[in-house]
Amino acid sequence: MKKIVAYVGSRRGVKSNTFYFVTRILEQVKSKRNIEFDIVTPFDHNIQFCSGCQFCFKNAYCIREKKDDLLILQEKYYRRIL
């Protein structure tokens, strides 16, 4: 079974036209193929802004990753790829 994660970046979240259209498209695909889908919006997770410290460039991970939900999102995306 294929799994799709769609990120809708609209500030209106689930009330946006983009969210509505993405949902409709994925439901149509799901009716014809055997897939699961998950739609993520900025309001679903607490993600902090980049501080520009460049720690990630030197150490290959973000110093803030334990303070927000970035690891949760990375797990969703990378699990789908692998």
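Colleague: Which residues does serine 16 touch, not counting residues up to four places away in sequence?

Modeller: A contact here means heavy atoms within 4.5 Å, and on that rule serine 16 touches Val8 and Ser10. Before going on, note that this is a predicted model, in which local features need pLDDT of at least 70 and side-chain atom pairs count only at pLDDT 80 or more, while totals for chains, interfaces and linings use all residues. Residues are numbered from 1 along each chain as its sequence is written, and side-chain values use heavy atoms, with hydrogens and water left out.

Colleague: Where is the place of serine 16, and is serine 16 buried or exposed?

Modeller: Helices (H or I, at least four residues) and strands (E, at least two) are DSSP runs numbered from the N terminus, and serine 16 lies in the loop between β1 (2–7) and α1 (17–32). Buried means under 20% relative accessible area, exposed over 50% and partly exposed in between, with a 1.4 Å probe and protein chains only; serine 16, at a relative accessible area of 3%, is therefore buried.

Colleague: What does the side chain of serine 16 reach?

Modeller: The side chain of serine 16 reaches the backbone oxygen of glycine 13 at 2.9 Å.

Colleague: How many bridges join β1 to strand β2?

Modeller: Two strands pair if DSSP finds at least two bridges between them, and here six bridges join β1 to β2 (residues 35–40), the two running parallel. Within this pairing lysine 3 stands opposite glutamate 36 in β2, and alanine 6 stands opposite isoleucine 39 in β2.

Colleague: What do β1, α1 and β2 make?

Modeller: A crossover is right-handed if, with the strands pointing away from the viewer, the path from the first strand over the helix to the second runs clockwise; β1, α1 and β2 make a right-handed β-α-β unit.

Colleague: How many aromatic pairs are there by the ring rule?

Modeller: Rings of Phe, Tyr and Trp (its six-membered ring) pair if their centres lie within 6.5 Å, and planes under 30 degrees apart count as stacked, over 60 as edge-to-face and the rest as tilted; the count comes to two aromatic pairs. Tyrosine 20 and phenylalanine 21 form an edge-to-face pair, 5.4 Å centre to centre with 65° between the planes. The rings of phenylalanine 55 and tyrosine 61 have their centres 5.3 Å apart and their planes at 80°, so this pair is edge-to-face. Phenylalanine 55 is partly exposed at 22% relative accessibility, and tyrosine 61 is partly exposed at 41%.

Colleague: Which value of phi does glutamine 54 have, and what is phi of alanine 60?

Modeller: Most residues other than glycine have a negative phi. Glutamine 54, in the loop between β2 and α2 (55–59), has a positive phi of about 65° although it is not a glycine, and phi of alanine 60, in the loop between α2 and α3, is near 65°, a positive value. Glutamine 54 counts as partly exposed at 47% relative accessibility, whereas alanine 60 counts as exposed at 73%.

Colleague: Where in the chain is confidence lowest, and where highest?

Modeller: The predictor's confidence in each residue, pLDDT, runs from 0 to 100. The chain averages a pLDDT of 86, and 95% of the residues score at least 70; confidence is lowest in helix α3 (residues 70–81), at a mean of 73, and highest in α1, at 95.

Notes
Polar contact = N/O pair within 3.5 Å; in protein donor to acceptor, adjacent residues only side chain to side chain.
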